[in-house]
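Q: Hi! I'd like a close look at a single part of this model, with the details that help me picture its surroundings.

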Amino acid sequence: MAVNKKRRKRSIFDSIASKKTLHKNLEFTAVEQYKLLRANLSFTLPEDVRCPIIGVTSSMRGEGKSTTAINLSYVLAESGKRVLLIDGDLRIPSVAKKMDLKSSPGLTDLLMGYESQQMSTFKSTILENWYIMPSGDLPPNPSELLGSHRMESILKIASDIFDYIIVDLPPVNVVSDALAISNLITGVIVVVREDYTEKKELEACYRQLRLSNVNVLGCVMNESESSGGTRGKYKRYSKYYKKYYTSTTHSNNG
Ligand SMILES: Nc1ncnc2c1ncn2[C@@H]1O[C@H](COP(=O)(O)OP(=O)(O)OP(=O)(O)O)[C@@H](O)[C@H]1O
Ligand SMILES: [Mg+2]
């Protein structure tokens, strides 16, 4: 009994190790890096945009897009901004899973015209100004839906309500969805994972983005160590490595 009493109260994320990479469970250094990303972003965004809509993408699967989108939207909301996080990966969505939410209702319900779906449905229980819109049921035509007029009007309505909209997107080199939505959003952040992202994939990703005239706001280096130190195969996921944010100029040279 005494043991039970002493047992630390478990947060909803404790059960899965990877949840340690998410907002409330982040290490101090990781939180600071996300705050730095938030600050750098404010310098990169066009001044005349009232509600920036920021897509988070990468070249390949598994580089940390969803993790970055969740944490960036969290630190923005924590700073007092009204923030909407949209799971725009309508093929392999993961925001709902990572946040222990139901995946439906979500974006596709709005896209299918269920206008009665109120924004308040997506209010998080974590911060009152943080709204999380899951993917909804998976559609057969994600690319068309993301670039549709319907998507445009959803973003327009949301822009009047929120200060920031963050859209978690699929990878550029795998499907065209991130490019399809590109002219509806302010710009994208490209996530690169250290010791994982291949140079040729990243080059192909930037080539695609450039060809589609996508505004690349910057690049987040995920799972990167700030200082030396060796890192074995098994240490890869044992620590939340720092994030870096590079300027648009640097990114565009990619
Ligand atoms: N900095 C990090 N340190 C440790 N683990 C991480 C880090 N970033 C992401 N991960 C883990 O790596 C896996 C992939 O991350 P995430 O789902 O964010 O990537 P993704 O790019 O969105 O993937 P997908 O392309 O499949 O959507 C997850 O298990 C996540 O918890
Ligand atoms: Mg993802």
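Which residue stands opposite Val167 in β4? Please take me through that strand, and then through some of the salt bridges elsewhere in the chain.

A: Happy to! This is a predicted model, so please read everything below as computed from it. The residue that stands opposite Val167 in β4 is Ile86.

Let's begin with the strand. β4 covers residues 164–168 and is mostly covered, with five of its five residues buried.

β1 and β4 run parallel and are joined by four bridges. Here Ile54 is the residue opposite Ile166 in β4. β2 and β4 also run parallel, and five bridges join them. That is the setting for the Ile86 and Val167 position you asked about.

The side chains of Asp89 and Arg61 meet at 2.8 Å, N to O. This pair links distant parts of the chain, 28 residues apart. Asp89 sits in the loop between β2 (83–87) and α4 (95–98), and Arg61 sits in the loop between β1 (53–58) and α3 (65–78). Asp89 counts as buried because its relative accessibility is 3%, under the 20% cut-off. Arg61, at 27%, is partly exposed.

Across the whole structure, a search finds six salt bridges. Another of them is in helix α2 (residues 28–44), which holds both Lys35 and Glu32, three residues apart, or about one turn of the helix. Their side chains meet in a salt bridge at 4.0 Å, N to O. Lys35 is partly exposed at 29% relative accessibility, and Glu32 is partly exposed at 32%.

One more pair is Glu198 and Lys200, whose side chains form a salt bridge at 2.9 Å, N to O. Glu198 has a relative accessible area of 43% and so is partly exposed. Lys200 reaches 52%, and therefore counts as exposed, the cut-off being over 50%.

Technical notes:
Residues are numbered from 1 along each chain as its sequence is written. Chains are lettered from A and ligands numbered from 1 in the order in which they are written. This is a predicted model: local features need pLDDT of at least 70, side-chain atom pairs count only at pLDDT 80 or more; totals for chains, interfaces and linings use all residues. Side-chain values use heavy atoms; hydrogens and water are left out. Helices (H or I, at least four residues) and strands (E, at least two) are DSSP runs, numbered from the N terminus. Buried means under 20% relative accessible area, exposed over 50%, partly exposed in between (1.4 Å probe, protein chains only). Two strands pair if DSSP finds at least two bridges between them.
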